[in-house]
Amino acid sequence: MKQNELRDKATCNLCKNKIGAGQLPMFFTLSMKQYVIDMQALQRHSGLEMMLNPAIAAVMGPDEDLAKEAGKTDLVICYDCYVHKNPPLAVLFDTVVDDEVEEVEG
Ligand SMILES: [Zn+2]
């Protein structure tokens, strides 16, 4: 990881401390994407599979996305938070989303 990339990841998203301030100079990154199932597309796909068969429907169908990306986040987690904190995934996802909202508002 080069200097500019490391500067972007210098602060832990959970404790807001510098990543090197913990017990070990080690950190983790976590990329998360949120998807929402497109129920109408899923019904169209299922209907086509019932009318034809799944193999033919896969070739003859529109091959549209059955789930759409609704959000994504990239987290930086310091070693201390990695070892000692155990937040639910939903909290991790909201951590950076909230930060981005604050940056837009601020
Ligand atoms: Zn931390």
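Lys16 is located in the loop that runs between helix 1 (3–8) and strand 1 (27–37), where helices (H or I, at least four residues) and strands (E, at least two) are DSSP runs, numbered from the N terminus. The model is a predicted one, in which local features need pLDDT of at least 70, side-chain atom pairs count only at pLDDT 80 or more, and totals for chains, interfaces and linings use all residues. Residues are numbered from 1 along each chain as its sequence is written.

The backbone of Lys16 has a phi near 65°, a positive value in a residue other than glycine. Most residues other than glycine have a negative phi.

Asp63 lies in the loop between helix 3 (54–60) and strand 2 (67–78). With 10 other C-beta atoms within 10 Å, Asp63 is therefore exposed.

Asp94 is set in a helix, namely helix 5 (residues 89–105). Asp94 is partly exposed, because 14 other C-beta atoms lie within 10 Å. Between Asp94 and Met39 there are 25 Å in space, C-alpha to C-alpha, and a separation of 55 residues in sequence.

The largest nonpolar core consists of seven residues: Cys12, Leu14, Ile19, Phe27, Ile77, Cys78 and Cys81. Such a core is a set of buried Ala, Val, Leu, Ile, Met, Phe, Trp, Tyr and Cys residues joined through C-beta atoms within 7 Å. In soluble globular proteins, nonpolar side chains tend to be buried together. Leaving aside residues up to four places away in sequence, Cys81 touches Cys12, Leu14 and Cys15, a contact being a pair of residues whose C-beta atoms, placed from the backbone, lie within 7 Å.

Turning to the whole chain, five helices and two strands are present, and their order along the sequence is α-β-α-α-β-α-α. Of the contacts with a separation of 6 or more, 76% join residues 24 or more positions apart. Buried residues make up 8% of the 106 residues. The radius of gyration, taken over C-alpha atoms, is 20 Å, whereas a compact globule of 106 residues would have one near 13 Å; the globule rule is 2.2 Å times the number of residues to the power 0.38. Along the principal axes, the C-alpha atoms fill a box of roughly 60 × 30 × 30 Å.

Notes: A residue is buried if 20 or more other C-beta atoms lie within 10 Å of its own, exposed if 12 or fewer, and partly exposed in between; C-beta atoms are placed from the backbone. Two residues are in contact if their C-beta atoms, placed from the backbone, lie within 7 Å.
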